[in-house]
Each structure stands twice: as structure tokens, then as C-alpha cells.
Amino acid sequence: MHLIFFHSLILLSISTTANAEKRLYKEVQIPAYPYVSYSEGAAYAPASVDISELSFISKFALNCAGDSNNNPECSLADVNLTLSLLFFHEPDDCASRLNGCDWVPLGLGSHGKPSNPAHATANDENYYYCCTEEAIMEGVCEREDIYKPMFNENFEKNHGVHIDVLVDIKDKIPTRVNGEQANIVLPSTGYYVFAMMNCNEYLAGLVASGTVVWESENGYLPGPMVGLLGLFFALLFVHLIILITWTKAMHDNFQFLIKIQYCIMLVLTLSFFESLFKLADYEYWNHNGLRSFFLKFLGLLFGVGKRASSRSLILMVSMGWGIAKHSIGKNYYFVVLLGVAYCMVSGTHDIMSNLEPSEFSLNDDHYQDTASWFNFLSSSLDVGFYIWIFDSLKNTIGSLRKNEQTIKLGLYKNLKVLLYGAAVFSTIWSIVLTSDKWVSPIFNWRVKWMEQAGFQLLYLTIIMVIGYMFWPNERSSQFAYQFQVNMEAGGGGGDGDGDENGGARGLEEGEIQLGMKIDSDSSSSDEESNKAKTPHLNKNALKNFNKKNPRIQNECMERKIDSDARSDKSDGSTGSEGSMRHRNLL
């Protein structure tokens with residue numbers, strides 16, 4: 001139980017977001033130094049970044065257009081403001097660090113120097129990216145380099161690219177980067193920084209608008225998400241094979257099907273369409289640079305449906321529905337209600353957390369608070385599912401043990417091992433993801449896709465194991481609706497323990513023992529021992545069992561014994577011994 005609560009708390013801290021590699025800049029503010037506007041991206045070489053559609057205009061021109069005579073703040077002289085655009089390579093682990101990496105070792109900026117080298121000062125820990133008045137006083141740069149970015153020898157080693165853009169602060173026409181400078185080639189695979197620096201700390205800031213296109217060898221899909229193409233292609237292929245095989249098995253054994261097998265079919269179908277639409281979403285993104293909201297929404301919708309239906313299925317199976325019980329009564333409606341609530345809450349959170357900035361303002365505090373509340377509610381419903389599942393599983397196993405239903409007990413023991421193993425894996429994986437995000441990087445951008453792969457493979461494993469346990473065959477309905485009655489000693493009937501791991505797939509012997517008894521007369525002669533034994537129903541056992549289980553009294557399947565077999569046994573003179581009809585009930 002403590003494991004469940006710990007797992008739920010970890011889930012609250014995990015969220016996923018993604019940005020398209022055709023990055024839209026909608027009036028992005030570029031303030032004056034010491035602030036720096038930058039973005040990061042991963043690319044597989046050969047790669048390039050196209051900034052030809054990105055334009056810049058000064059905030060002075062926007063605020064003072066047509067008002068330069070009446071507003072004292074709009075009386076600046078004509079001057080060009082130099083905007084520095086920088087591209088340089090970062091180590092892979094910088095992508096996972098909370099505060100990124102120090103840029104000075106990468107070739108940009110310089111650490112402060114003490115005025116008296118013999119005595120350490122607080123300025124020893126300062127670093128400067130632009131040559132400012134303070135940097136000149138510290139002896140970091142020269143006067144002729146004022147209001148320019150500072151570089152060291154590592155900048156070129158990290159494939160650094162520097163472009164200066166002159167922007168007239170009074171010009172109301174946006175300035176663009178033209179020519180060959182607008183297409184930056186990234187020579188090696190890796191993680192890169194795109195920084196926009198306005199080093200003049202006394203002039204107004206700038207506003208950037210337009211599109212920056214990052215294109216890798218594989219296409220437009222962000223580098224950390226390239227692995228998702230292979231992941232969902234593999235999941236789609238596996239789900240297709242399982243779905244076809246399961247459908248054929250249901251078709252071949254249609255008259256023996258039970259309700260659980262239809263529910264498993266539903267979960268498999270939802271899982272298949274989730275993989276299909278997510279693969280289509282990423283393929284569209286990779287070829288066009290922007291995501292399709294329709295494909296993204298369908299992928300999220302089927303994913304939420306899969307999670308809600310699988311939780312409800314496991315809960316009802318844990319209650320014994322269809323195997324240990326004919327019905328779960330009013331609990332059925334509560335399970336459906338919980339599943340619908342989870343679907344709505346978790347779906348709302350997924351949609352809100354996966355919206356692009358252009359579709360909604362992700363910086364809005366009210367929006368973020370609302371998304372956090374839906375995350376909390378979704379995790380709370382998860383806790384409710386977990387507690388109810390394990391509590392129901394405990395009660396079902398106890399009931400089967402009490403009624404000496406050893407074959408079904410073995411099946412539910414296997415289910416218990418599966419669910420506890422899934423809970424342990426889910427908890428460990430959640431700890432890994434939380435540590436990677438908030439403590440120390442574990443996954444670099446090249447294997448970032450594995451964060452989604454962990455839970456996807458967990459769902460696939462669970463549904464495959466449960467599908468194997470309840471595989472459709474000609475004994476499915478017998479296993480579901482017959483109840484095991486202990487055999488009396490003698491006649492090879494055994495004690496009725498059967499194979500605890502047999503489940504719904506191996507009941508050649510166990511299925512005939514359910515509600516049946518075979519007597520043998522130990523005092524009979526050798527000649528009589530070679531004759532077929534007459535089977536008869538253990539009426540006392542069935543009567544006692546039906547008293548304890550009146551609900552399933554009418555559902556116990558009975559076998560009609562051929563009257564001709566009885567006459568053959570009683571006469572013995574009609575025909576030779578070799579023509580006698582033998583019936584092996586075991």
C-alpha cells in the first residue's frame with residue numbers, strides 16, 4: 001500500500017511537452033543585456049537552421065511610431081542597434097540539466113578578473129557575455145569592443161556561428177537576415193544553442209517574429225523524438241499481429257466466449273489505434289515540420305481510452321468477474337463510473353499539457369494552475385484504481401481458497417504476480433523519470449524517447465499476459481461457469497487439486513472433475529475391473545455446493561449420461577466384452 005501512495009506522488013511531478021522544429025516566434029521579447037534570449041535544439045547531421053523568415057523590430061519603433069514629437073522618451077537620435085545571433089554546440093548532458101551548462105567553457109563570454117590578483121574578490125565568480133562598462137572596468141574586454149559579444153578560443157571548436165544584424169531603432173519596417181547567412185549549417189550531430197543577444201544595455205529591446213526551421217537528416221522531427229518513430233512502428237506491428245490472432249481465436253471459438261474476452265478485444269483495439277495515430281502524428285510532423293492537431297488529438301484520445309479501459313478491465317477481473325463470479329453486482333456501475341471519470345480527467349490533462357504555444361498561452365498562470373489540478377485529480381483516480389484492484393484481488397483469492405477452487409486459484413495467483421510486478425516496475429520507472437527531470441540527468445537527448453517507451457511496453461506486456469491467461473478456446477465457458485468439487489478418494493478421481501497454473505488453457509483432466517465424481521468398487525473381481533465404470537453425479541456434493549452458492553446454481557453445467565451406457569453396464573450379456581463401449585471420464 002505504501003508503494004502505491006509513493007507511486008502516485010511521483011506521478012504528480014512528471015509531465016511531457018514537445019515543440020515543433022518549425023518554431024514559431026510570435027513577438028518574442030529580446031531584452032537588453034544582461035538578459036539573453038535563447039532556445040535549444042538537437043539535430044542529426046547533416047542538419048541546417050533557416051532563419052530567413054525571422055524578422056526583428058525595435059520596441060522603440062513600436063512604441064513611438066507617429067509620436068516622436070510629443071513623447072520625450074521618443075526623442076532619441078537615429079542609431080543602429082546591433083543584434084547578435086549565435087549558434088554553438090553544447091554537450092549532450094546540457095539538455096537534461098535544470099540550469100543548462102555554463103557557456104564560458106563553450107566559447108562564449110569570460111569570467112571576471114580581480115583588480116588585485118593577490119586578493120580574491122567576489123568578482124572572481126562573475127562572468128560576462130557582452131563587453132559592457134562594468135566588464136571594461138574589470139579588465140575583461142577593451143573599450144573598442146563595447147556592446148559586442150565576447151568570445152574565446154573554444155567558440156570555433158564548438159562549431160560556433162556569429163551573425164550581426166543591424167536594426168534601425170526608429171525603422172518601423174522589420175529587418176531580416178538575407179542571403180547565405182540566413183541558412184546556418186550544423187556540421188555535426190548534437191545539441192545546439194540559438195541565442196539572440198542585445199548587448200547595448202542602454203537601448204530599448206527588440207521583438208522577434210517569424211519562423212525558425214530546424215531540419216535534420218531524418219526530417220523536421222525534433223532530435224529527442226526521432227526514436228518514437230521506430231517505437232510506435234514496432235508497437236503498431238505487434239498490436240496488429242496480436243489483434244489478428246485474437247480475432248481469429250474468438251471467431252473459431254465463438255460459442256465458447258466469455259465477457260472478459262470481449263473486454264480484452266476492446267483494449268487491444270484501442271491500443272492498436274493509439275499506436276496507429278501516434279505514428280501518423282509523428283510521421284506528419286517529420287515531413288511537414290508542424291504537428292497535425294487532428295492526428296495528435298486522436299492519438300491522445302485513444303491513449304486515454306486504452307488506459308481507462310485497461311484499468312477497468314483489470315479491476316473487474318480482480319473482483320472475479322466472469323471467472324470466480326457470475327456478476328459483480330452494483331460494483332459494475334461504480335467501476336464504469338470510475339473509468340469514465342478517469343477518462344475525462346486524464347484526457348483533459350493530456351490535451352492541456354500537449355497543446356502548442358500557438359494554440360494556447362502556456363505562460364498563462366491560470367492555465368498552468370488548471371493543468372496542475374487536472375494532473376492531481378488524474379493521479380488521485382489512479383490511486384483509487386490501485387487500491388481497489390489489490391483489495392479486490394486479495395478478497396477473490398481468499399474466496400477461491402476457501403471454496404477450494406484450486407485451478408482458478410492458480411490463475412489468480414499468476415495474475416497477482418503480474419500486477420505486483422507491474423506496480424514495482426511502474427514505481428521504479430517513475431522514480432527514474434523524476435530523477436532525470438529534477439535531480440540528475442539519466443537520459444540524454446538521443447534516448448529521450450525511452451521515457452515514453454517504458455510505460456508503453458509495460459501496457460503491452462500486461463495485456464499480452466492477460467490475453468494468454470484468458471485465450472479463447474473450446475474450454476473457456478466451461479472454465480468460467482463450472483465450479484470445482486473435491487473428489488472422494490479412490491477410482492483415480494484424485495483430490496481435485498488439478499494444475500494450479502493450468503488456467504483456462506489446460507483443463508483436459510480438470511474440466512471433467514468439476515461437479516463430477518467417479519466411484520470404483522475396490523472389492524470387484526478382475527473381470528469386473530476391466531469393465532467400464534458407471535459415472536454418476538455426486539448429488540450430495542452438488543447439493544451442498546448449491547446451498548452455499550445459490551446464485552450460480554442454475555449455471556452449473558451438467559453432463560447427461562447416456563442411458564445406453566448404463567444398460568450396457570448392467571446387462572453385460574449383450575455382446576462380447578470387446579464390443580463394450582468404454583468412456584474415459586478422466
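Student: Where is tyrosine 147 placed, between which two helices?

Tutor: This is a predicted model, in which local features need pLDDT of at least 70, side-chain atom pairs count only at pLDDT 80 or more, and totals for chains, interfaces and linings use all residues. Residues are numbered from 1 along each chain as its sequence is written, and side-chain values use heavy atoms, leaving out hydrogens and water. Helices (DSSP runs of H or I, at least four residues) and strands (E, at least two) are numbered from the N terminus. Tyrosine 147 lies in the loop between helix H3 (133-137) and helix H4 (154-157).

Student: Is tyrosine 147 buried, partly exposed or exposed?

Tutor: Buried means under 20% relative accessible area, exposed over 50%, and partly exposed in between, with a 1.4 Å probe and protein chains only. Tyrosine 147 has 23% relative accessibility, so the residue counts as partly exposed.

Student: What is the phi of tyrosine 147?

Tutor: Most residues other than glycine have a negative phi. Tyrosine 147 is not a glycine, yet its phi is positive, at about 65 degrees.

Student: Which phi does glutamate 27 have?

Tutor: Glutamate 27 is placed in strand E1 and counts as exposed because its relative accessibility is 57%. Although glutamate 27 is not a glycine, its phi is positive, at about 50 degrees.

Student: What is omega for the bond that joins tyrosine 33 and proline 34?

Tutor: Proline 34 is in the loop between strand E1 (22-30) and strand E2 (37-43). The peptide bond joining tyrosine 33 and proline 34 is cis, and omega is about 25 degrees.

Student: How are H5 and H11 oriented, roughly parallel or roughly antiparallel?

Tutor: Axes are lines fitted to C-alpha atoms, for helices over the stretch in contact, and angles run from 0 to 180 degrees between N-to-C directions. Helix H5 (residues 227-252) packs with helix H11 (residues 450-469) at about 10 degrees, their axes 11 Å apart. Angles under 35 degrees count as roughly parallel, over 145 as roughly antiparallel, 65 to 115 as roughly perpendicular and the rest as oblique. Therefore H5 is, relative to H11, roughly parallel.

Student: Which orientation do H7 and H10 have to each other?

Tutor: Helix H7 (residues 293-318) and helix H10 (residues 406-439) pack with axes 11 Å apart, at an angle of about 140 degrees. The orientation of H7 and H10 is therefore oblique.
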